[in-house]
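Trainee: I'd like to learn how to read a protein model, one feature at a time. Can we start with the charged side chains?

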Amino acid sequence: MTKQNSASPLPPPKERRRLRESRSLTLDQVAERIGVSRTTLHAWESSRGLPGGAEGEAYARLLAALALTPLTPPAGDRRRVPAPACALENLTPTQAFDALYVFCTPALVRQAYLLCGSRELAREAVERAFQLAWQRWPVVARDRDPAGWVRAVAYDCALSPWHRFRPRHRYPEPPPADPADRALLHALLELPPSYRRTLVLYDGVGLDLPETAAETEASTPAAANRLTHAREAVAARIPELADPAELHRRLLELASADRLRAAGPSLVRTVGERRNVFWTRTAIAFTVTIIGATTLTLRTAPTHYEPPIAPAQAVQGVPLRAAAGPLSHDEQTLRTKLRRSESSGPERVRPLAG
């Protein structure tokens with residue numbers, strides 16, 4: 001195993017990648033500068049390799065120089081630099097949440113606008129994502145990428161198919177004033193949601209292909225296929241955007257054309273807490289209703305088994321009623337005798353002998 005240079009301790013892998021991207025350096029540029037291959041450098045930035053030897057020392061010195069160099073993004077590049085993993089440490093939960101909200105909200109609202117094409121819906125999606133993050137803050141604060149957690153939830157909210165049933169979102173908002181921006185936004189909204197999300201993450205946010213695949217819950221080949229088809233669809237409508245660099249620039253310009261603002265962090269926290277209290281009370285009321293209905297059923301239910309009354313059935317084997325026919329000689333004699341006897345008295349009750 002190679003030995004890491006103790007004089008220049010290396011930051012975590014995600015911080016290494018952040019420092020490189022914040023100065024707009026590609027993997028090939030850094031690999032050529034320190035004398036390693038692109039694959040080795042990518043392994044160092046993804047926790048699959050440990051820098052060591054002369055190359056590791058050169059890599060550590062380069063990262064230290066990048067950390068001390070002021071951040072001066074090139075002109076026209078408005079990409080936000082990801083927050084370091086240690087930025088939320090040593091803060092109270094409220095301070096950490098507010099810092100993450102202030103840092104991520106402007107970029108997330110612009111990205112959500114590219115996904116849904118609605119300014120109001122983009123603000124709602126981002127605010128809803130941060131409300132859920134505040135409700136689950138103990139989990140989100142320990143996440144390796146809190147901004148990525150919120151971004152994934154905001155994208156899900158912006159792309160939810162249930163918005164079409166909301167009356168306030170049935171009518172589209174006014175499109176951008178610039179015809180070029182209007183054409184690009186229309187081309188984005190014509191893409192399937194999964195293709196649109198992949199394109200925004202890769203060409204808009206600047207994630208690499210494995211990270212884009214992980215955030216869209218797809219394999220890397222599937223994400224690459226979606227990205228290729230999305231670029232081809234956009235280029236078919238707007239031929240000058242066939243260049244990925246030009247597409248990236250136009251996406252940033254389109255997202256920054258409108259002044260998209262969200263509510264303050266304190267208001268988002270308050271709304272999230274109220275929503276949490278509402279659903280907690282609703283769950284308690286529902287539970288009490290179920291308990292009451294169960295208790296009433298137990299009190300009114302019978303305590304022993306009562307067999308049901310069998311349904312009526314026709315009696316079998318009864319002879320048919322015969323029609324009246326002529327009387328025999330004995331029957332006629334008996335009828336005459338009965339007619340001549342007394343109609344009342346003990347004779348009608350006691351039988352006579354002989």
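Predicted model: local features only at pLDDT ≥ 70, side-chain atom pairs only at ≥ 80, totals over all residues.

Trainee: Is Arg17 buried or exposed?

Mentor: Read the relative accessibility. Arg17 has 12%, and it counts as buried because the cut-off for buried is under 20%. Its two partners come out as partly exposed: Asp208 has 21%, and Glu211 has 23%.

Trainee: Which residue forms a salt bridge with Asp181?

Mentor: That's Arg250, with the closest N and O atoms 4.0 Å apart. This pair also links distant parts of the chain: Asp181 is in helix H9 (residues 179-189) and Arg250 is in helix H13 (residues 244-257), 69 residues apart. Asp181 is buried at 9% relative accessibility, and Arg250 is buried at 8%.

Trainee: Let's move on to helices. At what angle do the axes of helix H5 and H10 cross?

Mentor: For a helix pair, ask about the distance of the axes, the angle and the handedness. The axes of helix H5 (residues 93-116) and H10 come within 10 Å and cross at roughly 145°. The crossing is right-handed.

Trainee: Which residues make the contact?

Mentor: From H5 you have Gln111, Leu114 and Leu115, and from H10 there are Arg196, Arg197, Val200 and Val205. Sort the residues of this contact by type and you get four nonpolar, one polar and two charged.

Trainee: What about aromatic rings? How should I describe a pair?

Mentor: You give the distance of the centres and the angle of the planes. By the ring-pair rule, the count here comes to eight aromatic pairs. Take Phe97 and Tyr101: they are stacked, at 6.3 Å centre to centre with 25° between the planes. Both lie in helix H5, four residues apart, about one turn of the helix. Phe97 and Tyr101 are both buried.

Trainee: How are Phe278 and Trp279 arranged?

Mentor: That pair is edge-to-face, with 5.3 Å centre to centre and 70° between the planes. Trp279 counts as exposed, at 52% relative accessibility.

Trainee: Which residues do ring pairs link into a cluster?

Mentor: The cluster holds Phe97, Tyr101, Phe130, Trp134 and Trp137.

Trainee: One last thing: how far apart in space are Ala64 and Arg16?

Mentor: Compare the two kinds of separation. Ala64 and Arg16 are 48 residues apart in sequence and 9.9 Å apart in space, C-alpha to C-alpha. Ala64 is found in helix H4 (residues 53-68), and it is partly exposed at 40% relative accessible area.

Technical notes
Residues numbered from 1 in each chain as written. Heavy atoms only, no water. Buried < 20%, exposed > 50% of the residue type's maximum accessible area, 1.4 Å probe, protein only. Salt bridge = Lys/Arg side-chain N within 4 Å of Asp/Glu carboxyl O. Helix = DSSP H or I, 4+ residues; strand = E, 2+ residues; numbered from the N terminus. Axes fitted to C-alpha atoms, helices over the stretch in contact; angles between N-to-C directions. Left-handed = near helix turned anticlockwise from the far one by under 90°. Contact = heavy atoms within 4.5 Å. Nonpolar A, V, L, I, M, F, W, Y, C, P; charged D, E, K, R; others polar. Phe/Tyr/Trp six-rings, centres within 6.5 Å; stacked < 30°, edge-to-face > 60°.
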